[in-house]
Amino acid sequence: MKISIKWIIIALLVIGAAVYWFTRSDEDSDAPKFRTAPVVKGDFVNKVQATGTLEPSELVDVGAQVTGEIKEFGTDTEGRRIDYGSEVKAGQLLARIDDTIVELNIQRAEASVEQAKAQILNSNASVEQAKASISQAKANKNKADRDLDRAKKLGVGDALSQMSYDQYVTAAETTAANLESATAQLETAKAQQASAQAQLLSAQAQLKSELRNRDYTHISSPVDGTIVVRQVNVGQTVVSNMSASTLFLVARDLSKMQIWASVNEADIAKVHPGQLVRFTVDARPHENYTGTVNKIRPNATMSSNVVTYIVEIDIDNPERKLLPYMSANADFIVQEVKDALLVPDSAFDFHPAPKMFDPQFAGMKPDAAPGDAAPGTPVTIWRKTDEHHLAPVKVLRGESDGTRSIVTVPEGEKLAPGDEVVTGIEIIIPEGAAAAGGPGAQGGAGGNLFRPKMPERPKRGAGGVEAKPGQEVKRQNRGPHF
(Lines give C-alpha, C1' and ligand atoms only; values in the text may rest on other atoms or scores of the structure.)
Protein backbone atom coordinates (compact mmCIF):
# COMPACT_ATOMS: atom_id res chain seq x y z
CA MET A 1 0.00 0.00 0.00
CA LYS A 2 2.84 2.33 0.89
CA ILE A 3 4.53 1.56 -2.39
CA SER A 4 1.39 2.40 -4.34
CA ILE A 5 1.06 5.78 -2.60
CA LYS A 6 4.70 6.51 -3.32
CA TRP A 7 4.25 5.87 -7.04
CA ILE A 8 1.06 7.89 -7.09
CA ILE A 9 2.92 10.87 -5.59
CA ILE A 10 5.74 10.48 -8.11
CA ALA A 11 3.25 10.31 -10.96
CA LEU A 12 1.49 13.47 -9.76
CA LEU A 13 4.81 15.32 -9.52
CA VAL A 14 5.77 14.27 -13.04
CA ILE A 15 2.39 15.35 -14.41
CA GLY A 16 2.62 18.70 -12.59
CA ALA A 17 6.12 19.31 -13.93
CA ALA A 18 5.01 18.46 -17.43
CA VAL A 19 2.02 20.80 -17.19
CA TYR A 20 4.22 23.61 -15.82
CA TRP A 21 6.82 23.04 -18.51
CA PHE A 22 4.30 23.12 -21.34
CA THR A 23 2.52 26.16 -19.87
CA ARG A 24 5.78 28.01 -19.35
CA SER A 25 6.95 27.07 -22.83
CA ASP A 26 3.75 28.47 -24.34
CA GLU A 27 4.13 31.69 -22.38
CA ASP A 28 7.73 32.04 -23.52
CA SER A 29 6.79 31.38 -27.11
CA ASP A 30 4.09 34.06 -26.95
CA ALA A 31 6.42 36.65 -25.38
CA PRO A 32 7.86 39.16 -27.88
CA LYS A 33 11.56 39.40 -28.61
CA PHE A 34 12.71 43.00 -28.62
CA ARG A 35 15.15 44.48 -31.10
CA THR A 36 17.40 46.86 -29.19
CA ALA A 37 20.29 49.23 -29.69
CA PRO A 38 22.68 50.62 -27.09
CA VAL A 39 22.75 54.23 -25.96
CA VAL A 40 26.20 55.62 -26.74
CA LYS A 41 28.13 58.70 -25.74
CA GLY A 42 30.19 60.22 -28.50
CA ASP A 43 30.68 63.07 -30.95
CA PHE A 44 27.61 64.18 -32.86
CA VAL A 45 28.02 65.77 -36.28
CA ASN A 46 25.12 67.08 -38.33
CA LYS A 47 26.33 67.78 -41.84
CA VAL A 48 25.30 68.43 -45.42
CA GLN A 49 27.08 66.27 -47.96
CA ALA A 50 27.96 67.44 -51.45
CA THR A 51 30.44 66.80 -54.24
CA GLY A 52 32.48 69.27 -56.23
CA THR A 53 35.75 69.97 -58.02
CA LEU A 54 38.89 71.78 -56.99
CA GLU A 55 39.48 75.05 -58.83
CA PRO A 56 42.31 77.60 -58.69
CA SER A 57 41.30 80.67 -56.68
CA GLU A 58 42.20 82.89 -59.63
CA LEU A 59 42.70 81.59 -63.15
CA VAL A 60 44.11 84.07 -65.70
CA ASP A 61 43.39 83.57 -69.40
CA VAL A 62 46.45 84.61 -71.43
CA GLY A 63 45.57 85.20 -75.08
CA ALA A 64 46.92 86.67 -78.33
CA GLN A 65 45.65 89.90 -79.89
CA VAL A 66 47.62 89.59 -83.13
CA THR A 67 47.66 86.97 -85.86
CA GLY A 68 50.81 85.07 -86.64
CA GLU A 69 52.85 81.92 -86.23
CA ILE A 70 54.21 80.80 -82.87
CA LYS A 71 57.97 81.08 -83.33
CA GLU A 72 59.19 79.97 -79.91
CA PHE A 73 58.31 79.47 -76.25
CA GLY A 74 59.92 81.25 -73.35
CA THR A 75 61.50 79.68 -70.26
CA ASP A 76 60.20 79.34 -66.72
CA THR A 77 61.84 80.39 -63.47
CA GLU A 78 64.11 77.33 -63.61
CA GLY A 79 65.22 77.96 -67.19
CA ARG A 80 63.15 75.19 -68.72
CA ARG A 81 60.89 75.53 -71.75
CA ILE A 82 57.39 76.74 -70.89
CA ASP A 83 55.03 73.79 -70.50
CA TYR A 84 52.29 72.40 -68.25
CA GLY A 85 53.08 73.04 -64.57
CA SER A 86 55.79 75.65 -65.28
CA GLU A 87 56.25 78.29 -62.58
CA VAL A 88 56.39 81.80 -64.06
CA LYS A 89 56.75 85.38 -62.85
CA ALA A 90 54.78 88.45 -63.93
CA GLY A 91 56.20 89.87 -67.17
CA GLN A 92 58.05 86.67 -68.05
CA LEU A 93 57.99 85.68 -71.75
CA LEU A 94 55.72 82.73 -72.45
CA ALA A 95 55.77 82.67 -76.28
CA ARG A 96 56.75 84.82 -79.26
CA ILE A 97 54.65 85.29 -82.38
CA ASP A 98 56.20 86.05 -85.81
CA ASP A 99 56.40 89.87 -86.07
CA THR A 100 57.42 90.31 -89.74
CA ILE A 101 54.08 91.77 -90.82
CA VAL A 102 53.94 93.95 -87.73
CA GLU A 103 57.40 95.41 -88.50
CA LEU A 104 56.27 96.30 -92.04
CA ASN A 105 53.20 98.00 -90.66
CA ILE A 106 55.42 99.97 -88.30
CA GLN A 107 57.51 101.22 -91.20
CA ARG A 108 54.38 102.31 -93.08
CA ALA A 109 53.12 104.13 -90.00
CA GLU A 110 56.47 105.90 -89.55
CA ALA A 111 56.39 107.03 -93.20
CA SER A 112 52.84 108.35 -92.72
CA VAL A 113 54.02 110.36 -89.74
CA GLU A 114 56.83 111.96 -91.72
CA GLN A 115 54.49 112.75 -94.61
CA ALA A 116 52.01 114.38 -92.23
CA LYS A 117 54.80 116.47 -90.74
CA ALA A 118 55.80 117.71 -94.25
CA GLN A 119 52.21 118.63 -94.99
CA ILE A 120 52.10 120.65 -91.80
CA LEU A 121 55.19 122.58 -92.86
CA ASN A 122 53.60 123.36 -96.26
CA SER A 123 50.34 124.41 -94.63
CA ASN A 124 52.23 126.67 -92.23
CA ALA A 125 53.98 128.37 -95.16
CA SER A 126 50.65 128.82 -96.93
CA VAL A 127 49.19 130.44 -93.85
CA GLU A 128 52.10 132.88 -93.58
CA GLN A 129 51.86 133.70 -97.29
CA ALA A 130 48.14 134.31 -96.98
CA LYS A 131 48.73 136.60 -94.02
CA ALA A 132 51.26 138.64 -96.09
CA SER A 133 48.78 138.88 -98.94
CA ILE A 134 46.16 140.20 -96.56
CA SER A 135 48.55 142.84 -95.27
CA GLN A 136 49.37 143.99 -98.80
CA ALA A 137 45.69 143.98 -99.77
CA LYS A 138 44.81 146.10 -96.73
CA ALA A 139 47.51 148.64 -97.63
CA ASN A 140 46.31 148.87 -101.21
CA LYS A 141 42.70 149.23 -100.09
CA ASN A 142 43.57 152.00 -97.64
CA LYS A 143 45.41 153.98 -100.39
CA ALA A 144 42.53 153.47 -102.85
CA ASP A 145 40.03 154.60 -100.21
CA ARG A 146 41.99 157.81 -99.52
CA ASP A 147 42.30 158.60 -103.24
CA LEU A 148 38.57 158.06 -103.70
CA ASP A 149 37.81 160.37 -100.77
CA ARG A 150 39.88 163.23 -102.30
CA ALA A 151 38.23 162.66 -105.67
CA LYS A 152 34.80 162.88 -104.09
CA LYS A 153 35.71 166.15 -102.37
CA LEU A 154 37.18 167.65 -105.54
CA GLY A 155 34.32 166.42 -107.69
CA VAL A 156 34.18 166.08 -111.48
CA GLY A 157 35.11 169.31 -113.22
CA ASP A 158 37.95 171.15 -114.81
CA ALA A 159 40.47 169.83 -112.28
CA LEU A 160 39.20 166.16 -112.35
CA SER A 161 37.80 164.47 -115.34
CA GLN A 162 35.06 161.89 -115.21
CA MET A 163 37.48 159.21 -116.36
CA SER A 164 39.93 159.91 -113.58
CA TYR A 165 37.12 159.86 -111.02
CA ASP A 166 35.94 156.46 -112.32
CA GLN A 167 39.46 155.13 -112.05
CA TYR A 168 39.58 156.07 -108.35
CA VAL A 169 36.26 154.27 -107.78
CA THR A 170 37.45 151.19 -109.64
CA ALA A 171 40.73 151.11 -107.72
CA ALA A 172 38.88 151.22 -104.39
CA GLU A 173 36.56 148.38 -105.39
CA THR A 174 39.46 146.29 -106.74
CA THR A 175 41.53 146.59 -103.57
CA ALA A 176 38.50 145.68 -101.46
CA ALA A 177 38.01 142.53 -103.57
CA ASN A 178 41.69 141.68 -103.25
CA LEU A 179 41.47 141.97 -99.48
CA GLU A 180 38.51 139.60 -99.38
CA SER A 181 40.39 137.14 -101.62
CA ALA A 182 43.50 137.26 -99.40
CA THR A 183 41.31 136.66 -96.32
CA ALA A 184 39.74 133.61 -97.99
CA GLN A 185 43.19 132.31 -98.89
CA LEU A 186 44.21 132.63 -95.23
CA GLU A 187 41.19 130.60 -94.10
CA THR A 188 41.98 127.94 -96.69
CA ALA A 189 45.60 127.81 -95.55
CA LYS A 190 44.48 127.46 -91.93
CA ALA A 191 42.11 124.61 -92.88
CA GLN A 192 44.97 122.86 -94.68
CA GLN A 193 47.13 123.38 -91.62
CA ALA A 194 44.48 121.82 -89.35
CA SER A 195 44.05 118.90 -91.76
CA ALA A 196 47.80 118.32 -91.80
CA GLN A 197 47.92 118.35 -88.02
CA ALA A 198 45.03 115.85 -87.89
CA GLN A 199 46.82 113.60 -90.36
CA LEU A 200 49.91 113.79 -88.18
CA LEU A 201 47.93 112.76 -85.10
CA SER A 202 46.33 109.89 -87.04
CA ALA A 203 49.70 108.72 -88.32
CA GLN A 204 51.19 108.91 -84.84
CA ALA A 205 48.27 106.93 -83.40
CA GLN A 206 48.69 104.30 -86.10
CA LEU A 207 52.38 104.13 -85.30
CA LYS A 208 51.61 103.63 -81.60
CA SER A 209 49.12 100.90 -82.50
CA GLU A 210 51.66 99.06 -84.61
CA LEU A 211 54.30 99.42 -81.92
CA ARG A 212 51.79 97.99 -79.45
CA ASN A 213 51.08 95.12 -81.83
CA ARG A 214 54.79 94.42 -81.84
CA ASP A 215 54.60 94.17 -78.05
CA TYR A 216 51.65 91.83 -78.45
CA THR A 217 53.83 89.41 -80.40
CA HIS A 218 55.65 88.81 -77.12
CA ILE A 219 53.18 86.87 -74.93
CA SER A 220 54.05 87.54 -71.29
CA SER A 221 52.56 86.29 -68.04
CA PRO A 222 50.45 88.98 -66.36
CA VAL A 223 50.83 87.41 -62.88
CA ASP A 224 53.05 85.16 -60.83
CA GLY A 225 51.65 81.65 -61.05
CA THR A 226 51.62 78.18 -62.56
CA ILE A 227 50.85 77.18 -66.15
CA VAL A 228 47.74 75.02 -65.90
CA VAL A 229 46.90 74.77 -69.63
CA ARG A 230 49.03 75.25 -72.78
CA GLN A 231 46.88 75.22 -75.91
CA VAL A 232 49.43 75.98 -78.67
CA ASN A 233 52.63 74.53 -80.09
CA VAL A 234 55.61 76.03 -81.90
CA GLY A 235 54.72 76.48 -85.59
CA GLN A 236 51.01 76.79 -84.93
CA THR A 237 49.30 79.82 -86.46
CA VAL A 238 47.28 81.96 -84.08
CA VAL A 239 44.29 83.72 -85.65
CA SER A 240 42.90 86.61 -83.65
CA ASN A 241 39.37 87.64 -84.61
CA MET A 242 36.80 89.47 -82.50
CA SER A 243 38.18 87.96 -79.27
CA ALA A 244 41.70 87.11 -78.18
CA SER A 245 42.74 83.50 -78.77
CA THR A 246 43.54 81.61 -75.56
CA LEU A 247 47.13 80.38 -75.46
CA PHE A 248 47.74 79.68 -71.75
CA LEU A 249 45.81 79.43 -68.49
CA VAL A 250 47.83 80.62 -65.51
CA ALA A 251 46.76 79.85 -61.94
CA ARG A 252 47.84 82.76 -59.76
CA ASP A 253 48.58 80.79 -56.57
CA LEU A 254 47.94 77.05 -56.18
CA SER A 255 48.60 77.26 -52.45
CA LYS A 256 45.16 78.91 -52.24
CA MET A 257 42.39 77.02 -54.02
CA GLN A 258 38.62 76.60 -54.01
CA ILE A 259 36.06 73.83 -54.18
CA TRP A 260 33.01 74.49 -56.31
CA ALA A 261 30.44 72.19 -54.71
CA SER A 262 26.88 71.52 -55.93
CA VAL A 263 24.42 71.69 -53.02
CA ASN A 264 20.81 70.56 -53.34
CA GLU A 265 18.16 73.24 -52.80
CA ALA A 266 16.76 71.23 -49.88
CA ASP A 267 20.05 71.68 -47.99
CA ILE A 268 21.16 75.12 -49.15
CA ALA A 269 19.48 76.85 -46.18
CA LYS A 270 21.91 75.02 -43.87
CA VAL A 271 24.94 76.48 -45.66
CA HIS A 272 26.29 79.96 -44.93
CA PRO A 273 29.54 81.94 -45.47
CA GLY A 274 32.23 81.19 -42.91
CA GLN A 275 30.92 77.67 -42.28
CA LEU A 276 33.43 74.89 -41.60
CA VAL A 277 33.76 72.27 -44.34
CA ARG A 278 35.59 68.95 -44.13
CA PHE A 279 36.43 67.18 -47.36
CA THR A 280 38.41 64.41 -48.98
CA VAL A 281 39.59 63.86 -52.54
CA ASP A 282 39.45 60.61 -54.47
CA ALA A 283 43.20 60.73 -55.09
CA ARG A 284 43.91 60.78 -51.32
CA PRO A 285 40.91 59.08 -49.71
CA HIS A 286 42.60 58.61 -46.31
CA GLU A 287 43.61 62.24 -45.85
CA ASN A 288 41.17 64.76 -44.42
CA TYR A 289 41.19 68.46 -45.27
CA THR A 290 39.24 71.48 -44.09
CA GLY A 291 37.97 74.65 -45.71
CA THR A 292 35.60 77.56 -45.21
CA VAL A 293 32.52 78.57 -47.19
CA ASN A 294 33.25 81.74 -49.17
CA LYS A 295 29.91 82.42 -50.84
CA ILE A 296 26.82 80.87 -52.38
CA ARG A 297 26.28 81.71 -56.03
CA PRO A 298 22.67 82.85 -56.52
CA ASN A 299 22.37 81.50 -60.06
CA ALA A 300 20.92 78.02 -59.62
CA THR A 301 21.09 75.23 -62.17
CA MET A 302 18.44 72.58 -62.88
CA SER A 303 19.17 69.06 -64.08
CA SER A 304 16.51 66.31 -64.18
CA ASN A 305 14.19 68.57 -62.14
CA VAL A 306 16.83 68.87 -59.40
CA VAL A 307 17.85 72.42 -58.46
CA THR A 308 21.40 72.90 -57.18
CA TYR A 309 23.50 75.87 -56.15
CA ILE A 310 27.26 76.30 -56.51
CA VAL A 311 28.99 76.96 -53.20
CA GLU A 312 32.56 78.27 -53.22
CA ILE A 313 34.80 76.85 -50.49
CA ASP A 314 38.19 78.43 -49.75
CA ILE A 315 40.94 75.93 -48.91
CA ASP A 316 44.65 76.09 -48.14
CA ASN A 317 47.06 73.97 -50.16
CA PRO A 318 50.51 74.87 -48.82
CA GLU A 319 52.13 71.57 -49.84
CA ARG A 320 50.55 71.61 -53.32
CA LYS A 321 49.20 68.08 -52.81
CA LEU A 322 45.80 69.07 -54.19
CA LEU A 323 45.70 69.64 -57.94
CA PRO A 324 43.15 71.59 -59.99
CA TYR A 325 39.99 69.75 -61.08
CA MET A 326 40.26 66.90 -58.56
CA SER A 327 36.92 65.53 -57.34
CA ALA A 328 36.09 66.44 -53.75
CA ASN A 329 33.58 64.98 -51.28
CA ALA A 330 32.60 67.83 -48.97
CA ASP A 331 30.77 67.79 -45.61
CA PHE A 332 29.32 71.13 -44.52
CA ILE A 333 29.32 71.02 -40.72
CA VAL A 334 25.90 72.23 -39.54
CA GLN A 335 26.28 71.24 -35.89
CA GLU A 336 28.97 69.47 -33.91
CA VAL A 337 28.63 68.38 -30.27
CA LYS A 338 31.31 66.60 -28.25
CA ASP A 339 30.44 63.79 -25.80
CA ALA A 340 26.73 63.83 -26.61
CA LEU A 341 24.27 61.15 -25.49
CA LEU A 342 23.06 59.53 -28.72
CA VAL A 343 19.98 57.39 -29.33
CA PRO A 344 19.00 55.73 -32.64
CA ASP A 345 16.16 57.54 -34.41
CA SER A 346 14.22 54.30 -34.70
CA ALA A 347 13.80 54.28 -30.92
CA PHE A 348 11.48 57.29 -31.19
CA ASP A 349 9.14 55.41 -33.54
CA PHE A 350 8.58 52.40 -31.28
CA HIS A 351 5.09 52.07 -29.71
CA PRO A 352 4.85 49.24 -27.15
CA ALA A 353 1.70 47.39 -26.23
CA PRO A 354 0.49 47.81 -22.62
CA LYS A 355 1.28 44.18 -21.86
CA MET A 356 4.96 44.94 -22.53
CA PHE A 357 5.12 47.52 -19.72
CA ASP A 358 7.07 46.74 -16.62
CA PRO A 359 4.49 46.00 -13.86
CA GLN A 360 5.39 49.17 -11.97
CA PHE A 361 4.34 51.21 -15.03
CA ALA A 362 1.05 49.40 -15.65
CA GLY A 363 -1.68 51.75 -16.80
CA MET A 364 0.72 54.33 -18.17
CA LYS A 365 -0.31 56.00 -21.44
CA PRO A 366 2.70 56.53 -23.75
CA ASP A 367 3.18 59.44 -26.16
CA ALA A 368 0.93 59.22 -29.20
CA ALA A 369 3.62 59.87 -31.81
CA PRO A 370 7.06 60.43 -30.27
CA GLY A 371 8.77 59.87 -33.61
CA ASP A 372 7.10 62.97 -35.05
CA ALA A 373 8.11 65.27 -32.23
CA ALA A 374 10.12 68.35 -33.13
CA PRO A 375 13.64 68.81 -31.72
CA GLY A 376 13.53 70.05 -28.12
CA THR A 377 10.20 68.33 -27.38
CA PRO A 378 9.92 65.87 -24.47
CA VAL A 379 9.36 62.34 -25.78
CA THR A 380 9.31 58.84 -24.37
CA ILE A 381 11.64 56.05 -25.34
CA TRP A 382 11.66 52.55 -23.90
CA ARG A 383 14.46 50.84 -22.04
CA LYS A 384 14.50 47.07 -21.65
CA THR A 385 14.32 45.98 -18.00
CA ASP A 386 14.26 42.25 -18.67
CA GLU A 387 13.63 39.89 -21.56
CA HIS A 388 9.90 40.64 -21.69
CA HIS A 389 9.28 44.02 -20.06
CA LEU A 390 10.08 47.65 -20.77
CA ALA A 391 10.44 50.83 -18.77
CA PRO A 392 9.70 54.31 -20.17
CA VAL A 393 12.31 57.07 -20.17
CA LYS A 394 11.38 60.72 -20.71
CA VAL A 395 14.05 62.59 -22.71
CA LEU A 396 14.40 65.84 -24.62
CA ARG A 397 15.12 65.05 -28.23
CA GLY A 398 17.70 67.23 -29.98
CA GLU A 399 19.03 67.42 -33.53
CA SER A 400 19.31 64.35 -35.72
CA ASP A 401 21.93 63.46 -38.31
CA GLY A 402 19.47 61.12 -40.06
CA THR A 403 20.53 58.07 -38.03
CA ARG A 404 20.97 59.16 -34.44
CA SER A 405 19.62 61.99 -32.30
CA ILE A 406 21.02 63.88 -29.35
CA VAL A 407 19.00 63.40 -26.17
CA THR A 408 19.04 65.24 -22.88
CA VAL A 409 17.93 63.33 -19.80
CA PRO A 410 15.86 65.47 -17.40
CA GLU A 411 16.36 65.23 -13.68
CA GLY A 412 14.72 62.17 -12.21
CA GLU A 413 15.01 60.03 -15.36
CA LYS A 414 17.51 57.21 -15.80
CA LEU A 415 19.38 56.68 -19.06
CA ALA A 416 23.10 56.05 -19.34
CA PRO A 417 25.54 54.94 -22.04
CA GLY A 418 25.24 51.21 -22.57
CA ASP A 419 21.53 51.02 -21.74
CA GLU A 420 19.51 49.07 -24.29
CA VAL A 421 16.65 51.02 -25.86
CA VAL A 422 14.03 49.23 -27.93
CA THR A 423 13.84 49.99 -31.64
CA GLY A 424 11.36 47.28 -32.69
CA ILE A 425 10.10 43.75 -32.28
CA GLU A 426 11.50 40.72 -34.05
CA ILE A 427 8.94 38.36 -35.60
CA ILE A 428 9.60 34.78 -34.61
CA ILE A 429 8.21 32.17 -36.99
CA PRO A 430 7.42 28.87 -35.27
CA GLU A 431 9.01 25.74 -36.63
CA GLY A 432 6.80 24.04 -39.20
CA ALA A 433 4.89 27.25 -39.97
CA ALA A 434 6.22 27.21 -43.51
CA ALA A 435 5.06 23.64 -44.04
CA ALA A 436 1.66 24.48 -42.58
CA GLY A 437 1.20 27.44 -44.89
CA GLY A 438 1.54 29.99 -42.08
CA PRO A 439 3.71 33.06 -42.07
CA GLY A 440 7.06 32.25 -43.59
CA ALA A 441 5.71 29.52 -45.84
CA GLN A 442 6.63 31.59 -48.86
CA GLY A 443 9.70 33.12 -47.31
CA GLY A 444 11.70 29.94 -46.90
CA ALA A 445 13.93 29.65 -43.88
CA GLY A 446 14.00 33.39 -43.41
CA GLY A 447 10.20 33.79 -43.24
CA ASN A 448 10.07 37.03 -45.24
CA LEU A 449 6.51 38.35 -44.82
CA PHE A 450 6.94 40.86 -47.62
CA ARG A 451 7.92 38.38 -50.27
CA PRO A 452 5.16 37.96 -52.87
CA LYS A 453 3.26 34.69 -52.57
CA MET A 454 4.03 32.38 -55.46
CA PRO A 455 1.18 30.39 -57.00
CA GLU A 456 1.02 26.85 -55.68
CA ARG A 457 1.97 24.14 -58.08
CA PRO A 458 -0.70 21.43 -58.38
CA LYS A 459 0.35 18.20 -56.74
CA ARG A 460 0.39 14.99 -58.66
CA GLY A 461 -2.56 12.87 -57.58
CA ALA A 462 -2.58 9.21 -56.78
CA GLY A 463 -4.66 8.20 -59.77
CA GLY A 464 -7.10 9.36 -62.41
CA VAL A 465 -5.78 11.54 -65.21
CA GLU A 466 -2.65 12.36 -63.19
CA ALA A 467 -1.74 8.72 -62.64
CA LYS A 468 1.31 7.45 -64.42
CA PRO A 469 0.77 4.58 -66.87
CA GLY A 470 0.45 1.40 -64.92
CA GLN A 471 -0.08 3.23 -61.62
CA GLU A 472 -2.80 1.80 -59.50
CA VAL A 473 -5.45 4.18 -58.30
CA LYS A 474 -5.70 4.17 -54.53
CA ARG A 475 -8.30 6.11 -52.70
CA GLN A 476 -8.33 6.78 -49.02
CA ASN A 477 -10.20 8.99 -46.66
CA ARG A 478 -8.06 11.64 -45.03
CA GLY A 479 -8.96 13.35 -41.85
CA PRO A 480 -8.36 17.01 -41.09
CA HIS A 481 -4.79 18.28 -41.06
CA PHE A 482 -3.36 19.32 -37.70
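Three aromatic pairs were counted in this predicted model. One of them joins Phe73 and Phe248. Phe73 belongs to strand β4 (residues 68-73), whereas Phe248 belongs to strand β10 (residues 245-251). The two residues are 175 residues apart, and the pair links distant parts of the chain. Phe73 and Phe248 are both buried.

Another pair is formed by Phe279 and Tyr289. Here the ring centres are 5.4 Å apart. The planes lie at 25 degrees, so this pair is stacked; planes under 30 degrees apart count as stacked. Phe279 sits in strand β12 (residues 276-281) and Tyr289 in strand β13 (residues 284-296). The pair therefore ties together parts that are ten residues apart in sequence. Both Phe279 and Tyr289 are buried.

The charged end of Arg297 sits over the ring of Trp260, at 4.2 Å from the ring centre. Arg397 places its charged end over the ring of Phe348, 4.2 Å from the centre of that ring.

Asn46 is part of strand β2 (residues 40-56). Its relative accessible area is 9%. Buried means under 20%, so Asn46 is buried. Leaving aside residues up to four places away in sequence, Asn46 touches Phe332, Ile333, Val334 and Gln335, together with Glu399, Ser400 and Asp401.

Note on methods:
Residues are numbered from 1 along each chain as its sequence is written. This is a predicted model: local features need pLDDT of at least 70, side-chain atom pairs count only at pLDDT 80 or more; totals for chains, interfaces and linings use all residues. Side-chain values use heavy atoms; hydrogens and water are left out. Rings of Phe, Tyr and Trp (its six-membered ring) pair if their centres lie within 6.5 Å; planes under 30 degrees apart count as stacked, over 60 as edge-to-face and the rest as tilted. Helices (H or I, at least four residues) and strands (E, at least two) are DSSP runs, numbered from the N terminus. Buried means under 20% relative accessible area, exposed over 50%, partly exposed in between (1.4 Å probe, protein chains only). A charge sits over a ring if NZ of Lys or CZ of Arg is within 6 Å of the ring centre and within 35 degrees of the ring normal. Contact means heavy atoms within 4.5 Å.
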